[in-house]
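Dear colleague,

Please find the sequence and structure below, followed by a short account of what was found. I would be grateful if you could read the account with the structure open.

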Amino acid sequence: MAKSKQVTKKVEKKAEAPLTTKKQNETPYQLDTAQVERAANALVAHMKKHKEEKEATGTKDLMADEDEAEQADQPIFLSISTKKHVNNTNSLKPTKIVLPNPIIASDAKICIFTKDPQRAYKDLVASDAFPATLRERVGRVLGVDKLKKKFKSFEQKRALLADYDIFMVDERVIKIVAEFLGKVFYGSKSKRPIPIKLTAGAFVDKTVKKDKEPQNVVGTPQGVAKEIESALNSTYLSMSASANTSIKIGNLSQTAAQIKENTEAVIAAIIPKHIEQGWRNVRSLHIKGPATKALPIWLADELWVDDSQVLDEPFQHKSIGEGKTAQTKRKWEEWEEELLDENELAEKKAKREAKKAKKAGPAKKSSLSKEKRKALKEDALSSVQTPLIA
């Protein structure tokens, strides 16, 4: 009996213990690393199990493109939801975020779109100063003129898209290339060309205006190689003018620990720099696969950004007819009554009549009875000497 009492006391003490161990001086606007790890483990386990079942049954993805080879590795995304729309135009440009664990395969074939003349950049990649391991991965260097001449049709662009894994573009001609390639390359984010600086390593006088600087500046082999390697080790953020955006943070082939590290690195780079008002404007953070449910890793306690947005009193709904003329109000009421059924219409009319009667007040009753009034009328007529009508 004594032991059972001790056990019950321990259970009661555990039940009375606080559910959280958060300190008072800690801020809620930070990631819980344990939650990120749990979500990453659950997502990877679910996606691997689904992939194994799909391979065992031999089912095919009906939504996949027949012209493109099926992806052996599935991407994992970070979904960011904000309380207010992102309106800062500077943050809407694609931003490079370096990852601790690269998500681009080490054997991916690269195609680079360059500014003309393309021969200068072909020689740069072929030079001995350019790393040999990286040179083997660069399968093609295309100038703007050659690109427009050889890949005019839709089918030719689709064939080019299928031939290479990664596409990179000189940031000086990114607008021209994007307009020419169109939705074939930019319709999805899977193989959208990555902007790079092909002038890396070359001396550029910053005091000279852009319209007066030399047009054919070519970077050094070491500088361009470093720029390409940095692009291969990064992910790119394209903030949309909305309250939701997503960014690729990993692949199914990576471990849950690697996905966790990438997630934390991306969040640390995005929220302070690319979201107005930082953590205060973040509503939720989720990680997900291409066809999975989103697993939460952070949720905001408050749905507002500033305390001034919270009303002290209940919201007073303003009717559509308020502040307008009596004729407009009457038309609006007539239209409203047309939508009601017979019972609702009768009930509304009864309420309206009761309201009018209440507003008019009780009717004044005469102090004379009906018989008394009739007698007084007859007496008045008999007192008249001459008839009223001849």
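**Backbone features**

Pro117 sits in the loop between strand S3 (110-114) and helix H3 (118-126); helices (H or I, at least four residues) and strands (E, at least two) are DSSP runs, numbered from the N terminus. Please note that this is a predicted model, in which local features need pLDDT of at least 70 and side-chain atom pairs count only at pLDDT 80 or more, while totals for chains, interfaces and linings use all residues. Residues are numbered from 1 along each chain as its sequence is written, and side-chain values use heavy atoms, with hydrogens and water left out.

The peptide bond that joins Asp116 and Pro117 is cis, with omega about 0 degrees. Most residues other than glycine have a negative phi, and most peptide bonds are trans. Gln277 belongs to the loop between helix H10 (256-274) and strand S9 (282-288). Its relative accessible area is 43%, so Gln277 is partly exposed; buried means under 20% relative accessible area, exposed over 50%, and partly exposed in between (1.4 Å probe, protein chains only).

**Salt bridges**

Four salt bridges are found in a search of the whole structure, a salt bridge being a side-chain nitrogen of Lys or Arg within 4 Å of a carboxyl oxygen of Asp or Glu. Three of them are described here.

- Arg119 and Asp123 meet through their side chains (3.4 Å, N to O). They are four residues apart in helix H3, and therefore separated by about one helical turn. Asp123 is partly exposed, at 42% relative accessibility.
- Lys351 pairs with Glu347, the closest N and O atoms being 3.7 Å apart. These two are also four residues apart, in helix H12 (residues 342-360), and separated by about one helical turn. Lys351 is exposed, with a relative accessible area of 55%, whereas Glu347 is partly exposed at 46%.
- Arg172 and Asp170 form a salt bridge at 2.7 Å, N to O. Arg172 is partly exposed at 31%, but Asp170 is buried at 1% relative accessibility.

**Nonpolar cores**

A nonpolar core is a set of buried Ala, Val, Leu, Ile, Met, Phe, Trp, Tyr and Cys residues joined through side-chain atoms within 4.5 Å. The largest has 54 residues, and those with the most contacts inside it are Leu78, Met168, Ile228 and Leu285. Domain 1 (29-50 + 73-92 + 239-306) and domain 2 (105-204 + 216-235) both give residues to this core, so it lies between them; the domain bounds come from an automatic or database domain assignment. Apart from this core lies another, of 18 residues, among them Phe113, Leu160, Phe180 and Phe185.

Leaving aside residues up to four places away in sequence, Ile228 touches Ile110, Ile112, Phe130, Leu134, Met168 and Ile196, where contact means heavy atoms within 4.5 Å.

**A buried asparagine**

Asn262 lies in helix H10 and is buried, with a relative accessible area of 0%. Not counting residues up to four places away in sequence, Asn262 touches Leu99, Pro100, Asn101, Ile103, Ile249 and Gln254.

Yours sincerely
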